[in-house]
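This report covers helix packing, the contact between the chains and the confidence of the model. The sequence and structure come before the discussion.

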Amino acid sequence: MARARFRRQDAVFFVLLALTAITFVVEIFFIFLKTPTEARMGIVQKVFYFHVPNAYAFYIGAVACFFGSIAYLVRPTDARDAFARAGASASVAFGAVVLITGPLWGAKAWGTLWTWDPRLTTMLLSFLIYLAYIVLRAFAGDGAAERRFAAALGVLGAANLPIIHYSVQKWGGQHPTVITGSGGGLQHPDMKIALGLGFLIFTLLAVLLIWTITRVELGRNRLRRAEEDAIDLGLDRRTEA
Amino acid sequence: MSEEMQPSAAPQSADGRSTTFQPVTGEAEHYSGEALLVSAYALIWVVLLAWVGLVWRKQGSLDARLDDLEREIEKADAKSARP
């Protein structure tokens, strides 16, 4: 019976995981018990400290998918495909959190859960592109053509990312622009610390999730090849019993 | 602790034991509800991250089994290639 060896990558993974967990606990206490409540919106503004870092983590996943897809189109390998797929999966997870926390905040701040604001619309569109990627990979098989098509989708999906980012400046809308190049609109140092910690945590979380999913996908590819080899060698009858 | 809340040293008869629990009135709450809520929220994240760690460990043991399987397939391949 095979026993899993504890390798260096396991040590790095668990150190990162422990760091993420500790920082998460600190962040949650900091946000709810130390960071001041916003004067006009009240406690619902604290959604911001999760919503914005989640949107940032969505970009990390999308960028990973983009680079994995480009690399796959240049030279197809299992690892590149797995990395792109992991990036898309992470984007869907983080994007879903963004699209849930945003409307929860909007219900209080705007009096409505959803409005077809440019940033909300472009974010939804981008989320749907990565969701389509995941659905395609889940149901369209795992052949070379499907992988290439998914890689093309992963590259095209990234085209929407700058549009999400600059949509507020270009087309206006109701979405707040608290974080700006000129220093931002957070009026208390604790607000800035809470947001900074949020960015750190969700960067770590995105790295951990992309790494984990890549590893699972690579394992799946190895299993598929092993099954094909077993069938070629006529060993499949032994596994049918 | 107030004097009336201390347990009586005298043995209680079956008729004398308490049959109701009365809430304390007029005192501050023993635990901060806000801190408990935040602790619960933090715990959810810790459990979620522990689950990610568990998935990683499971994948590690699956990889080891795959190593064995690939070795066996290579052996079978070498055997079948022999004249």
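In this predicted model, the axes of α2(A) and α3(A) cross at roughly 155° and come within 7 Å. That angle is over 145°, so α2(A) runs roughly antiparallel to α3(A). Their crossing is left-handed. By class, the contact of α2(A) with α3(A) holds 18 nonpolar, ten polar and two charged residues.

Helix α3 of chain A (residues 78–109) also packs on helix α4 of chain A (residues 118–139). Here the axes come within 9 Å, at a crossing angle of roughly 140°. The pair α3(A) and α4(A) is therefore oblique. The α3(A) and α4(A) crossing is left-handed. From α3(A), the contact draws on Arg85(A), Ala88(A), Ser89(A), Ser91(A), Val92(A), Gly95(A), Val98(A), Leu99(A) and Gly102(A). They meet α4(A) residues including Leu120(A), Met123(A), Phe127(A), Tyr130(A), Tyr133(A) and Arg137(A). This contact of α3(A) with α4(A) counts twelve nonpolar, four polar and two charged residues.

A third pair joins the two chains. Helix α7 of chain A (residues 189–232) packs against helix α1 of chain B (residues 33–81). The angle is about 25° and the axes lie 10 Å apart. An angle under 35° counts as roughly parallel, so α7(A) and α1(B) are roughly parallel to each other. The crossing of α7(A) past α1(B) is left-handed.

| Helix pair | Angle | Axis distance |
|---|---|---|
| α2(A) and α3(A) | roughly 155° | within 7 Å |
| α3(A) and α4(A) | roughly 140° | within 9 Å |
| α7(A) and α1(B) | about 25° | 10 Å |

Which residues build the contact between α7(A) and α1(B)? On α7(A), they include Leu208(A), Thr212(A), Arg215(A), Val216(A), Gly219(A), Arg222(A), Leu223(A) and Asp229(A). On α1(B), they include Val52(B), Val55(B), Trp56(B), Gln59(B), Leu62(B), Asp63(B), Leu66(B), Glu70(B) and Ile73(B). Sorted by class, the contact of α7(A) with α1(B) has twelve nonpolar, three polar and five charged residues.

Now the whole contact between the chains. Chain A supplies 27 residues and chain B supplies 28 residues. The chain B side that touches chain A comprises 16 nonpolar, five polar and seven charged residues.

Chain B itself has one helix and zero strands. Chain B has 83 residues, of which 1% count as buried. Ser61(B) sits in that chain's helix α1. Is Ser61(B) buried or partly exposed? Ser61(B) has 13 C-beta neighbours inside 10 Å, so it counts as partly exposed. Its C-alpha atom is separated by 61 Å from that of Gly16(B), 45 residues apart along the chain.

Confidence comes last. The model has an ipTM of 0.75 and a pTM of 0.83. Chain A has a mean pLDDT of 89, with 93% of its residues at 70 or more. Within chain A, confidence is highest in helix α2 (residues 48–74), at a mean of 96. Confidence in chain A is lowest in helix α8 (residues 236–240), at a mean of 56. For chain B, the average pLDDT is 79, and 81% of the residues score at least 70.

Methods. Residues are numbered from 1 along each chain as its sequence is written. Chains are lettered from A and ligands numbered from 1 in the order in which they are written. This is a predicted model: local features need pLDDT of at least 70, side-chain atom pairs count only at pLDDT 80 or more; totals for chains, interfaces and linings use all residues. Two residues are in contact if their C-beta atoms, placed from the backbone, lie within 7 Å. Ala, Val, Leu, Ile, Met, Phe, Trp, Tyr, Cys and Pro count as nonpolar, Asp, Glu, Lys and Arg as charged, and the others, Gly among them, as polar. Helices (H or I, at least four residues) and strands (E, at least two) are DSSP runs, numbered from the N terminus. A residue is buried if 20 or more other C-beta atoms lie within 10 Å of its own, exposed if 12 or fewer, and partly exposed in between; C-beta atoms are placed from the backbone. pLDDT is the predictor's confidence in each residue, from 0 to 100. Axes are lines fitted to C-alpha atoms, for helices over the stretch in contact, and angles run from 0 to 180 degrees between N-to-C directions. Angles under 35 degrees count as roughly parallel, over 145 as roughly antiparallel, 65 to 115 as roughly perpendicular and the rest as oblique. A crossing is left-handed if the near helix is turned anticlockwise from the far one by less than a right angle, and right-handed if clockwise.
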